[in-house]
Amino acid sequence: MRLVILICFLAIAGIPVYLITRSRPLLVQSSGELPAKKIVPYEITLTASTPAHLALAAVGQKPVESSPSAESLIATYSMDASKPEDLVVKARFVSPQKNAALRIQVQASGKMLKDATLWGSESIEDVISIP
Amino acid sequence: MRHIFSVWIFIGLATAVWAESIKVASLSTVLSDIARNVGGDRVEVREIIKPGSDPHLYEPTPGDIKKISNVQIVLANGLGFEPYLDKLRSSVEKSGVTFVVAGSAVKPIACMEVDHHDHSHADNATDPHWWHSIANVEAVTLQVRDAFIAADPVGRTEFEANAKAFEDKLKSLSKWVRLELAALPKSKRILVTSHDALGYFAKDYGFEILPVQGISTSDQPSSQKVRHLIQEIKDRQVKAIFAENIENPKVLRQITIESGANLGGTLYADGLGSGDAGTYLGMMRSNVTTIVGALQ
């Protein structure tokens with residue numbers, strides 16, 4: 001009986017000692033495990049205030065251009081939803097004028113992610129980041 | 001008629017000669033460049049911190065304090081970059097010097113590493129390297145312009161025109177940076193640097209920073225930290241790591257050999273360099289070109 005009580009006591013006393021002293025895997029600060037990619041189609045619409053030669057590009061995507069000129073350009077790029085690439089947009093207006101505008105709309109899954117307007121005269125070239 | 005014309009020319013020349021320029025002392029190479037751009041000929045900039053020197057190792061000498069006492073405006077970074085700033089301020093206070101502290105005009109961000117090596121993070125781990133955001137430089141340009149106008153109201157038109165011209169250059173630079181970086185996939189926007197100084201740049205352009213703590217100081221990074229960093233560089237296939245100042249080539253060599261990454265070049269993290277990197281515009285262009293070239 002004493003032996004049983006002693007074993008029980010040692011077992012109970014041993015639990016916290018085990019919990020404190022057991023070897024644990026080191027906490028790694030790095031974010032080595034990358035989240036899985038979720039590829040989403042992004043619909044991009046460029047609309048110019050007057051006819052222009054429009055161009056759209058993003059790294060890893062096929063560049064799209066209006067040929068020879070148009071007032072709008074629509075393209076769909078499939079990109080990683082966690083890190084969509086920056087869009088390079090260009091417009092070279094057929095008839096240069098003051099306050100020519102280029103509107104850029106980006107939608108994904110029916111949601112408007114970006115709606116920006118750039119202003120220029122002869123041409124516009126800039127980068128649009130998708131949130 | 002000829003006489004009147006000559007008198008006017010004489011008065012004009014005399015005014016130009018006798019117009020006293022504002023004397024400015026700068027504790028930052030970037031602020032010196034901003035001051036020159038905004039001030040033009042109406043401002044005399046005395047560089048206390050010179051391009052290529054390490055601002056962390058700087059301590060004002062009695063000679064510097066004397067120099068600073070004789071100026072009207074002192075330009076400083078603030079945000080804890082100059083641990084001696086309060087002391088300096090109190091020692092030259094009686095001279096009527098105005099301190100223009102850039103940190104009060106920018107939106108500060110937090111440091112990645114709380115125990116960040118040799119900066120004194122008096123402001124509770126605020127990143128003091130504000131100039132790596134072009135938007136911050138635009139804000140400080142206006143701050144410097146206003147300080148110069150307050151010191152020399154006659155020069156208002158000139159300061160305003162100069163500041164506007166510099167702002168236009170900054171806007172062009174900003175667009176150039178965006179276009180250059182658009183060629184770099186987001187997955188490759190990882191900066192392994194010897195120094196956690198590019199936080200503002202990382203925030204503006206979607207980079208992640210993995211600093212090698214201690215590599216540019218006497219503090220050695222722990223072998224465990226270096227091991228983890230090497231593993232992360234391998235896992236994420238980072239092509240290049242960047243040195244600001246190779247003070248510990250042994251650790252950098254170890255990281256490049258074991259991770260397979262290349263040395264991507266030198267980034268100007270703590271201020272302007274020399275040659276093309278001797279101006280703010282040149283420094284930013286150099287950094288961006290180095291980063292894109294190495295990581296693409």
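This is a predicted model: local features need pLDDT of at least 70, side-chain atom pairs count only at pLDDT 80 or more; totals for chains, interfaces and linings use all residues.
Me: Among contacts in chain A between residues at least 6 apart in sequence, what percentage join residues at least 24 apart?

Reply: Welcome! Residues are numbered from 1 along each chain as its sequence is written, with chains lettered from A and ligands numbered from 1 in the order in which they are written. Counting a contact as heavy atoms within 4.5 Å, the share for chain A is 58%.

Me: What pattern does chain A follow along its sequence?

Reply: Chain A has one helix and seven strands. Of its 131 residues, 31% count as buried, meaning under 20% relative accessible area with a 1.4 Å probe and protein chains only (exposed is over 50%, partly exposed in between). Read along the sequence, the pattern is α-β-β-β-β-β-β-β.

Me: How many of the eleven residues of helix α2 of chain B are buried?

Reply: Across chain B, buried residues make up 52% of the 296 residues. Helix α2(B) spans residues 29-39 and is mostly covered; its buried residues include B:Leu31, B:Ile34 and B:Val38. They pack against β1, β2, β3, α5, α6 and α10 of chain B. The number buried in α2(B) is nine.

Me: With the side chain of which residue does the side chain of B:Asn77 make a polar contact?

Reply: B:Asn77 sits in the loop between β3 and α4 of chain B, and because its relative accessibility is 1%, it counts as buried. Not counting residues up to four places away in sequence, it touches several residues, among them B:Leu27, B:Glu82 and B:Trp131. A polar contact is a pair of N or O atoms within 3.5 Å; within protein, one must be able to donate a hydrogen and the other to accept it, and residues adjacent in sequence count only if both atoms are side-chain atoms. At 2.9 Å, the partner is B:Trp130.

Me: At roughly what angle do the axes of α5(B) and α6(B) cross?

Reply: The two axes, lines fitted to C-alpha atoms over the stretch in contact, with angles from 0 to 180 degrees between N-to-C directions, come within 10 Å. Their crossing angle is roughly 175 degrees.

Me: How many nonpolar residues does the contact of α5(B) with α6(B) have?

Reply: The angle makes α5(B) roughly antiparallel to α6(B) (over 145 degrees; under 35 is roughly parallel, 65 to 115 roughly perpendicular and the rest oblique). Residues including B:Val137 of α5(B) and B:Phe166 of α6(B) make the contact. Ala, Val, Leu, Ile, Met, Phe, Trp, Tyr, Cys and Pro count as nonpolar, Asp, Glu, Lys and Arg as charged, and the others, Gly among them, as polar. Beside two polar and six charged residues, the nonpolar count is eleven.

Note on methods:
Side-chain values use heavy atoms; hydrogens and water are left out. Helices (H or I, at least four residues) and strands (E, at least two) are DSSP runs, numbered from the N terminus.
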